[in-house]
Structures are given as C-alpha cells and as structure tokens.
Amino acid sequence: MIIKKVSYTADETQFGFRKGRGTTTAVSLAHDVVKYMNNKDTPVYICSLDAQKCFDSIWHDGLFHKLTGKIPDLHWIFLYKWYRSSKAQARWTGELSSQFNISKGMRQGSILSPRLFSVFINDLLLSLKSKEYGVKLHNFKLNLIAYADDINQFSTTTTGLQKLINTCESYARNWRMKFNPIKTKCTRIGKPVLMEPPTWQLDGQTINLSEDTTILGVNLTNNLKAKPHIKNRIRACNQSVFKLTTAGLSYPGLNCEVKTHIWNTVNCPMLTYGLETLHITNSEMGDLKSAQGSIVKRGLGLSKRSHYHRVLQACNIKPIEEVVAENAARLYHSIFQCDTPAKEFQCLLLSSYVLTGKAEIGTLLDRVIKAGHNPLNLIINKPTFSRHTTNEDGLVDSLRQLLYHENYQKPGSQEHILATLLTKSF
C-alpha cells in the first residue's frame, strides 16, 4: 500500500516548537521592531492575548476538519479513531463515575500535541497576517508573533489593534476557543500621542491600558527599560539558589568545583534569560554584576566586603556582562540561520547600517557592533569565545589553589582564612 505524503508548513509568524526558532528569537524581534519605531517617535500598541486553557479545550471535530489533506489519510484515520475513542472517569470520595467520551482537548505531554495545535491555530495566523493593520517599515510588515498558543499583536494605532483583536475574537467564536479578557493585556510602548488613555474590547469586556506586558517570560515596559525584567531575573536566580542550599550550595557544603558547575549550568542561565534581547544600561548592568558577586561570594563563604572579580577568574566563572554579550552574538548568528520575520527585519537594519554606517540605537545589531563584532562575519561564522583565567601577579592562581583545596570547605581552615584575606586586600 502506498501512503500519500502530504506536506504542511506552519506560518512564518509561528515560532513555537519549530527548529531554528526559540523564545529569544521572537522576543528580540518584538523588542527591536518596537525600539525602531520609538526611535522614530512612533508608539507601538501591543496586545498579549491569553488563550484560556487552550490545549485542554481544542474542539476535536474542528481539529480533524483542519487536518484533512494536511496529513496522510491513514494517519488521519488512526488519529481520528484514537481521539474519538478517548474516555474518562471522575473519582469522587473514592468512587468512580461511569465512563464518558472526551470531545475536546489534546493529550498533555504528547510530542504530537504541539504539531496538531499548530495546524489548528494556523488559519488564525494567516488571517491576522493578511490584515493591513500593524507595523510597516518599507516592505516589512509585522502585526503578530505567535509561540504556540501565546499570541502577541502589534499595531501603530489603537483602532488597528482593536481590529486585530476582533479577528481573534471572531475566530475563537467559530472554532470554539476562548480568549480570557481578564488576563489579556494591552500596552503602549513609546510616547503617548492621545489625550486620554485608550481602551479596547474583547468578548464584551473592556481592556485598559497596562504599564507593561510580558512576552515569553520577558518583561517589556512602556519605556522599554530593562530594569523590571532584571529585577525579576535576580529574584528568580536567588530563589533557585535558595532551593539548592540544602543540597550543599551554601558554605561549607559542596566543593568549589561542583558549586561552579551548578552556577554555570543552573543559576547563571536563570539570571540571564532574555537579557540578550534587551537594551541594558550601565546602571542596570551594575545591578546584575552586584547580584552575581553576592551569590558567588555567599556560596563560597566569603564576606560581603570581599572583591569578587579575581574570584570569578579563579573559579572559571565569566562576568555577567560577558555572558550577556556572548548570548547576544549567538542570538544574532542564529537568527540568520532560519527564514523568519526576525531575519527579514535584521536584514533591513543591516542594509541601513551598511549604507549609512549607523545602527539603530538599542537594537540587537547595535549591541553586537558595540561589543566589537563585525555583523557580516557574525552571520557567516558561528561565534566562539575564550577567556584568560590567569594574571601576571599570580593572585588568580593563588586563589584557585585555595578555593579548590579540600580543606577550604572547613570553616576556620588556613585555606579559607587566606582566601578571605586575599579577596579583601586585592
């Protein structure tokens, strides 16, 4: 028997569960588009829609209607019978109810569910994309970014944003979905141009203007300051460290080598998530440096007044500013490896930079140039980084010998006392 092969490709505005795309790619696109428009004194209105229990409420009949012709017939029949035969029972006070059919929702944890959802939601993305309302820059237009069921809409006018919301509301009504107006947020980023704060309507309820919004875990404020997101990351990092204190992350606890590994693989990614997508000021970077220093010193049993720069070198821990800069370079390279709206927009910024010699302030391109990278080389070659972990006066080597010594984990040992004195003196 010959199985007919049927190809299906999700719309380019869908970043979720697709190779070569990730959350930082989507957030970087949102940030840079908004930053570009703000540099031109044009505000951007964003609506972050909340799909209420989306995976749990997908209408089965609607899903299989959309799957027709998009997967082989035998696969369609198999999935149809599988979902139609799904049954459940409710347990109450130890008693089980009679079985009943499940007519909506997709299997949680199944690797197939994200793919099926992508098919189900794709018509909405195509409908939104076809609308003229949005952000327009020459031949580039953007009015939405989707990551699975997380849909963010963009427009330079309040009326345009309302029409995009209406499109989603109509689609949800026809395909038995529901967008939650209570959790949906609308934000203006940039200088206000209206006398009164605008409002929007979703499902008969009013959505007021919010001071900020969160896109895929990254907080975007109405002035694009990174400080609120940095505060959230510092809080999350401290929480992750606290949870591991009983496992030996606090002093004395585990040896220095293990603590360093945990910092590099668990705590540092928690602290730096999404930072490569934002424009960070020197003051905001100072907060990150202080947070990194405090956590590292606390884990090694060093006092608050100890200098931590040489300690980071001795432990092979990169300063947080280096980590953010390297993540930005990697992000810039990865954007150009896949055809997405993010690549299209970065090409627009790059062409302007090549012609004028000036990069749009605050964008990812601007940050990688200021970090000393050639953007054209960065597109072609995957960035690699190395770091010197020694110094001429031998202080770093001395600290490394002390911190990694087996006696260092004993409070009051000579190794711990000497390390404390060295970090306070230099």
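Which residues of H15 are buried? In this predicted model, the buried residues of H15 are Glu415, His416, Ala419, Thr420 and Thr423, and the sections below place that helix among the other elements of the chain.

## Helix H15

The buried residues of H15, namely Glu415, His416, Ala419, Thr420 and Thr423, cover an arc of only 135 degrees around the axis, which puts them on the same side of the helix. An α-helix has 3.6 residues a turn, so residues three or four places apart point the same way. On the other side of H15, Gln414 and Ser425 are exposed, while the buried residues pack against H8, H9 and H14.

In length, H15 comprises 12 residues and reaches 16 Å from its first C-alpha to its last, close to the 16 Å expected at 1.5 Å a residue.

## Helix H14

Helix H14 (residues 395–403) has as its buried residues Leu395, Val396, Leu399, Arg400, Leu402 and Leu403. These cover an arc of only 165 degrees around the axis, and they therefore lie on the same side of H14. The elements that cover the buried residues of H14 include H7, H8, helix H9 (309–314) and helix H15 (414–425).

## Helix H10

Buried within H10 are Ile320, Val323, Val324, Glu326, Ala328, Ala329, Leu331, Tyr332, His333 and Ile335.

The cover over these buried residues of H10 includes helix H1 (23–39), helix H7 (256–272) and helix H8 (282–300), and it also includes helix H11 (341–356), helix H12 (364–370) and helix H13 (375–380).

## Asn267 in helix H7

Helix H7, which is part of the cover of both H10 and H14, contains Asn267. With a relative accessibility of 1%, Asn267 falls under the 20% cut-off and therefore counts as buried. Leaving aside neighbours within four places in sequence, Asn267 is in contact with Cys237, Ser240, Val241, Leu244, Leu249 and Ile262. Asn267 and Asp203 are 64 residues apart along the chain, and their C-alpha atoms are separated by 41 Å.

## The packing of H2 and H4

Helix H2 (residues 60–67) packs with H4 at an angle of about 85 degrees, with the two axes 9 Å apart, and H2 and H4 are therefore roughly perpendicular to each other. On the H2 side the contact is made by Gly62, Leu63, Lys66 and Leu67, and on the H4 side by Leu116, Val119, Phe120 and Asp123. Sorted by class, the contact of H2 with H4 has five nonpolar, one polar and two charged residues.

Ser113 also belongs to helix H4 (residues 113–130). Because its relative accessibility is 2%, Ser113 counts as buried. Not counting residues up to four places away in sequence, Ser113 touches Phe55, Tyr83, Met106 and Arg107.

## The chain as a whole

The secondary structure of the chain comes to 15 helices and 14 strands, and the C-alpha atoms fill a box of roughly 75 × 65 × 50 Å, taken along the principal axes. Of the 426 residues of the chain, 49% count as buried. Among contacts between residues at least 6 apart in sequence, 69% join residues at least 24 apart.

How values were computed
Residues are numbered from 1 along each chain as its sequence is written. This is a predicted model: local features need pLDDT of at least 70, side-chain atom pairs count only at pLDDT 80 or more; totals for chains, interfaces and linings use all residues. Side-chain values use heavy atoms; hydrogens and water are left out. Helices (H or I, at least four residues) and strands (E, at least two) are DSSP runs, numbered from the N terminus. Buried means under 20% relative accessible area, exposed over 50%, partly exposed in between (1.4 Å probe, protein chains only). Contact means heavy atoms within 4.5 Å. Axes are lines fitted to C-alpha atoms, for helices over the stretch in contact, and angles run from 0 to 180 degrees between N-to-C directions. Angles under 35 degrees count as roughly parallel, over 145 as roughly antiparallel, 65 to 115 as roughly perpendicular and the rest as oblique. Ala, Val, Leu, Ile, Met, Phe, Trp, Tyr, Cys and Pro count as nonpolar, Asp, Glu, Lys and Arg as charged, and the others, Gly among them, as polar. The arc is that of the directions from the helix axis to the C-beta atoms. The expected span of a helix is 1.5 Å times one less than its number of residues.
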